[in-house]
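Please keep the sequence and the structure in view while reading.

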Amino acid sequence: MAAAPPSPVSARRQARHVTVFLDVDGVLNSYPVPKLRIMTEGRKRLRAWNYELHYRPAVIAFFDRIVETHEVDVVWLSTWSQRCKSELEPKFGLRNSFDVIEMPDQSHNRYAADPQLWWKAQAMEEWLTSHEHGRAIWIDDDLAWPATHEYFTHRYSPNRLKLIAPEFSRGLTKAHLREIREFAYPKAGAAKPGASRAGAAKPVHSKEDS
């Protein structure tokens, strides 16, 4: 017997779903951060993989919440590879665990300026090709390289792929978190009553997200 076609609800959820590809250094971790900024931004420090990381717990909490309240999943796309799961997730205190795309060699981010050679760019191309209707947010400070940024912005619609390139010294800001939240759709029951966006429920804004 042939399988039944997907229900309208399932198709709608698929169209609304967003995968966030998340880097670590220059995104969650900004190092070194002056002592004054550590205090004013409520940053904390941790040691992992023999490095010291400076991060904002509010940003970590944002990703925990958004996968629970919005049609979002997160994938680690970082040179930290499996250390994201084995070291960073428990040390950050994440209550959710995310999938990982492994760095295939030791090139790290040496070719970030070349979208044809950079392993992260290749991984994104493969995902976008294999997920024909998939929507994604790619967050990486190295997306500031003009050739790589232009390659992806010219090749993919901004409604399908959002690129976020934080400054390495600052990492993700409140404005970036708003961009992420506004690109995503809340799960059923998570929207504010009466709010709408292009026929869909408008994402909920939380004071904790800022």
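## Terms and basis

A residue is called buried if its relative accessible area is under 20%, exposed if over 50%, and partly exposed in between, with a 1.4 Å probe and protein chains only. Helices (H or I, at least four residues) and strands (E, at least two) are DSSP runs, numbered from the N terminus.

The model is predicted, and local features need pLDDT of at least 70, side-chain atom pairs count only at pLDDT 80 or more, while totals for chains, interfaces and linings use all residues. Residues are numbered from 1 along each chain as its sequence is written, and side-chain values use heavy atoms, with hydrogens and water left out.

## Helices α3 and α4

The buried residues of α4 (83-92) are Cys84, Glu87, Leu88, Glu89 and Phe92. They pack against β2 (44-48), β3 (51-55), α3 (57-69) and β4, where contact means heavy atoms within 4.5 Å. Just after α4, Gly93 has a positive phi of about 80°.

In α3, the buried residues are Val59, Ile60, Phe62, Phe63, Asp64, Arg65, Ile66 and Val67. Their packing partners are β1 (18-22), β3, β4, α4, β6 and α7 (174-183).

## Aromatic pairs

Rings of Phe, Tyr and Trp (its six-membered ring) pair if their centres lie within 6.5 Å; planes under 30 degrees apart count as stacked, over 60 as edge-to-face and the rest as tilted. By this rule there are eleven aromatic pairs. One of them joins Phe62 and Phe63 edge-to-face, at 5.2 Å centre to centre with 90° between the planes. Phe62 counts as buried because its relative accessible area is 1%, and Phe63 is buried at 1% relative accessibility. Trp118, Trp138, Tyr151, Phe152 and Tyr156 form one aromatic cluster.

Ala136 belongs to strand β6 (residues 135-139) and is buried, with 0% relative accessibility. Beyond its neighbours within four places in sequence, Ala136 is in contact with residues including Val18, Phe21, Trp127, Leu161 and Phe183. The C-alpha atoms of Ala136 and Leu163 are separated by 8.6 Å, although these residues are 27 apart along the chain.

Thr79 is found in the loop between β4 (72-77) and α4. Is Thr79 buried or exposed? Thr79 is buried, because its relative accessibility is 11%. Not counting residues up to four places away in sequence, Thr79 touches Trp49, Met103, His108, Asn109, Trp119 and Lys120.

## Backbone features in loops

Most residues other than glycine have a negative phi, and most peptide bonds are trans. Trp49, in the loop between β2 and β3, has a positive phi of about 55° although it is not a glycine. Asn50 lies in the loop between β2 and β3, and its phi is near 65°, a positive value. Trp49 is partly exposed at 25% relative accessibility, whereas Asn50 is exposed, with a relative accessible area of 71%.

A cis peptide bond joins Tyr31 and Pro32, with omega about -5°. Pro32 is located in the loop between β1 and α2 (35-40).
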